[in-house]
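User: Hello! Could you walk me through a few places in this structure, one question at a time?

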Amino acid sequence: MHNILVLELLNDLHHLKMKKFILLAMAFVWMIHSDAQTQKAKREKESIPLDGIWSFKLDPMNVAIPVKGSNFTSKLPEEITLPGSTDQAGKGFKTQDMTSIRLTRMYEYSGAAWYEKNNVFIPENWKDKNVFIYLERAHWQTKAWVNGQPVGMDESLSTPHVYNITPFVKFGEKNTIRFRVDNSKIYDIEYTHAISAETQTNWNGIIGIMKLQALDKTHIRDVQVYPQSKEKKIKVDFVINNSEKKNIQGKLILQANSFNADKKILLPSKEIAVAGNDSLIRVQCEYELGNNMLLWDEFTPNLYKLNCSLITGNAAKPSDERSVTFGVRDIATKGTQITVNGRPTFIRGTVNSCEFPITGYPPMDYAAWYKLLKTCKDYGLNCVRFHSWCPPEAAFVAADELGLYLQVENSDWRFTVGTHEKTDQFFFDEAKRIFETYGNHPSFAFFCEGNELVGKGCVPFLQKMLKQWKQDPRHLYVAASGYPTVEGSDFYDYYGARPQRWQEGLKGRFNVQPLNTKYDYSEYVKKFNVPMVTHEIGQWCAYPDYNHVSKYVGVLKPYNYELFREGLREKNMLDQADDFHIASGKFQVIQKKEEFESYLRTPGFGGYTLLQLNDFPGQGTSPVGVVDVFYDPKPYVDAKTFSRMQGPQLPLLRIDKFTWTNNETLTANAEFINFGMADIKSARVKWMLKYPDGKIYASGKFNTVDIPMGPVTKVGELKISLSKIEKATDLELIFSLDDSDVFNRWTVWVYPEKLPDVAVNDVLVTHEWNAKAKDYLNNGGTVFLLADTGKINSDVPPGFSGISWNAVWSGTPPNLLGILCNPDHEAFTYFPTEFHSNWQWFDLVRNSKPMQIDNLPSTLKPLVQMIPDWNNNRKIGLVFEAKAGKGKLLMTSINLKGIEEKSAVGRQFMYSLQKYVSSGKFNPEETVSFEMIDELFNK
């Protein structure tokens, strides 16, 4: 019927009978849709859901008798709802304590648990079919019994557990189904995010689709689609189940159509002969996609549906029908770049570590995954790496539609790789299951064994794995994320190209010298002849947002955040929690932007994966996200702003420094990356330098240049005299692509080279806290105390950057989150600043000794406060003011004396403080005692 319609459509088009053609086309589309709905309805009709209330029993001592499933002679005494987990049902051992390291699991259980459902009616008309139990995801070893008879065992953390129960079924009667689910340490892999206490937890239960399904004795067991974009066709591998080993003579009918693109393509059907008498019959064929073939990628995620019907013998109707979604894309490498459909592609990814606090396990539904992955896309990402775990089918479906590249990983994060034969075999088998279950999805772009793998036999094991994986050409492969780098990988997910490496302390790039953008990672690119995607970058934290604590209404409780909040309350700073969050968040984004650009401006760089877009609630607690753990936005940056920081097309800046004086000429170079869909011909990039009020200081255009697809293209040189700037100011430097919405912006600061002297005749300026200073204050005088930093009694290191991951887990600084100040305060009249850290604060913070001022009155807020580590909520200041004795005190622990000659920022800050302390506006409200000040200094 379909072939007849196609021929008539083509004939009518030839004769321009447009009205009839349109009607026939509509009929054909309806028929395709109707057939798909019929297939779906048929499969639903021939399946029985198993979700609902089950009898239940924990078996922590493992006392079951294998013969009949257990030694519980009566019905299991408790009840539980499936899909679900023991945690959700409140089964297990009630947690007795709390921790600041991670979220707290309310009910813990590791071991066997029994689930039984009686009265499962299986229709009489299924007796000539094969009956299967399908469990979409179980955690993580299951055994099944039907009517007291053992069926078998299955184990997988990543793919469905499926049982053929045909021999054990009583057709036309009620049946009893029993499962034993074991989440004990079956293999020594406890660190993987598939079971880790730091993320989803090692839950016990069954989630997702649970059903009985009836299929004909001869049915389509598997369909694997291998797109071949250059040949404009697909290769299709079928596995036909022929459980009775009958001599089969039949055919497969294939028909494909695009379904989500503006351009709908209906392809003709094709028949393939099927013959054989083996229990599994394998059939291969090719299917032409035509000259109008649509490609799938991050910009145009075009999808096809391949409908497959199996007809055996002289049957009038198919014995089975399957529908498979696929996309045509060619993912490859060229030199040190990944290519998609021949175009250079820069990977802008994030890590997902399976953090789902409400359930403790990943969602299995499309809506939840669409929201999560759409958020990733909205924030400018084109890739999601699943850290040592594999997501469910719904994630792939959503990613297919959104155009996201997924890096799927085996559930492996071991330090004993290659030393345990059974564990290694489990991962060999698991990889095969993952490819078979999810391999058709075009979003399934990359595969990896797991995270940061170590072991005596690690490299040989991974080499063997790579050889096995590469039998499937649909993905790119990397042996391990982070390390080791194993020859034969298509690319490297490589640890090292980061401004702050693990336990690097204050030797990280952001803490060593003021920012310049001449820096890139070219030396890392030269290490390899394949693409390098740098491992787990952007780990800059923001102070926690305690307003999100109320969202934790599920199995994991945020006692860690509540402990941090109570620590802040004890230090009488709870009223500053929101300010800490917003200010540190603004600084977090500033640091991430520079980190992104450092990779983007590196010629030949392959990409990066963030750790991560969302907060990580374990491993000491790491609020690294610009969205919270629920993927809701944080208040200090929106998706559009964050997306612009890492767009596929972006102007970039090469500049020696960001702080200048007005006797200098600002010099810089403009570059452009183009990982878009096409070359940009005759591109004109404009530039603008403007004041905070929007007034333009200078503007212009670079010469026209062609910008090919790929890494950095040089656009031009910029020279701007700063001589017309008379007072300290910050300015915004903007590069924009003409006739587009593509732009980028940076802040630069310009200070006068020479400043007028400040008359401080009535102010005692001193570097010592001594009797003279105290006497001056007791006599009603004003003291400006530029404290000797070597004498400050403090163990707080002067880290400029924010905290990377968290200081508890790493055990090293940086352990501050930038500054907090009020830019409208008179002390900053001559020192332009925001309320949070930015790059101009480097000289001031790094040349300081942050003061621990917990002993000062709780109502005293420093003029320049350092935002503390949430694990150690101390009040820390660089500048404060107070009444002391009968006088007034302004104190700073920034070494202004030591830096003002060589630092324009230091000079300007000193000038602003001098103007303030010598003015009539200097009138502190809080009072401190001399004894309080004494405590700030070494004895």
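User: Is Trp126 buried or exposed?
Analyst: The relative accessibility of Trp126 is 4%. Buried means under 20% relative accessible area, exposed means over 50%, and partly exposed lies in between, with a 1.4 Å probe and protein chains only. At 4%, therefore, Trp126 counts as buried.

User: What should I know about the model and its numbering?
Analyst: Residues are numbered from 1 along each chain as its sequence is written, and side-chain values use heavy atoms, with hydrogens and water left out. The model is predicted: local features need pLDDT of at least 70, side-chain atom pairs count only at pLDDT 80 or more, and totals for chains, interfaces and linings use all residues.

User: Where does Trp126 lie?
Analyst: Helices (H or I, at least four residues) and strands (E, at least two) are DSSP runs, numbered from the N terminus. Contact means heavy atoms within 4.5 Å, and Trp126 touches residues including Phe171 and Leu212, not counting residues up to four places away in sequence. Trp126 itself lies in the loop between β8 (112-122) and β9 (129-139).

User: How far apart are the C-alpha atoms of Trp126 and Gly172?
Analyst: Along the chain, Trp126 and Gly172 are 46 residues apart. Their C-alpha atoms are separated by 8.4 Å.

User: Why are the buried residues of α6 on the same side?
Analyst: Those buried residues are Cys458, Phe461, Leu462, Met465, Leu466, Gln468 and Trp469. They lie on the same side of α6 because they cover, around the axis, an arc of only 160°, taken from the directions from the helix axis to the C-beta atoms.

User: Which exposed residues does the other face of α6 carry, turned away from its buried side?
Analyst: The buried residues of α6 pack against β27, α5, β28 (444-450) and β29 (476-478). On the face turned away from that buried side, the exposed residues are Pro460, Lys464 and Lys467.

User: How many residues of α10 are buried?
Analyst: Helix α10 covers residues 577-600, which makes 24 residues. It is largely enclosed by the rest of the structure, because the buried residues number 20 of the 24.

User: Where is Gln840, and is it buried or exposed?
Analyst: Gln840 is found in the loop between β47 (816-820) and α14 (842-846). Leaving aside neighbours within four places in sequence, Gln840 is in contact with residues including Trp749 and Tyr751. Its relative accessibility is 1%, so Gln840 counts as buried.

Conventions
Expected span 1.5 Å × (residues − 1).
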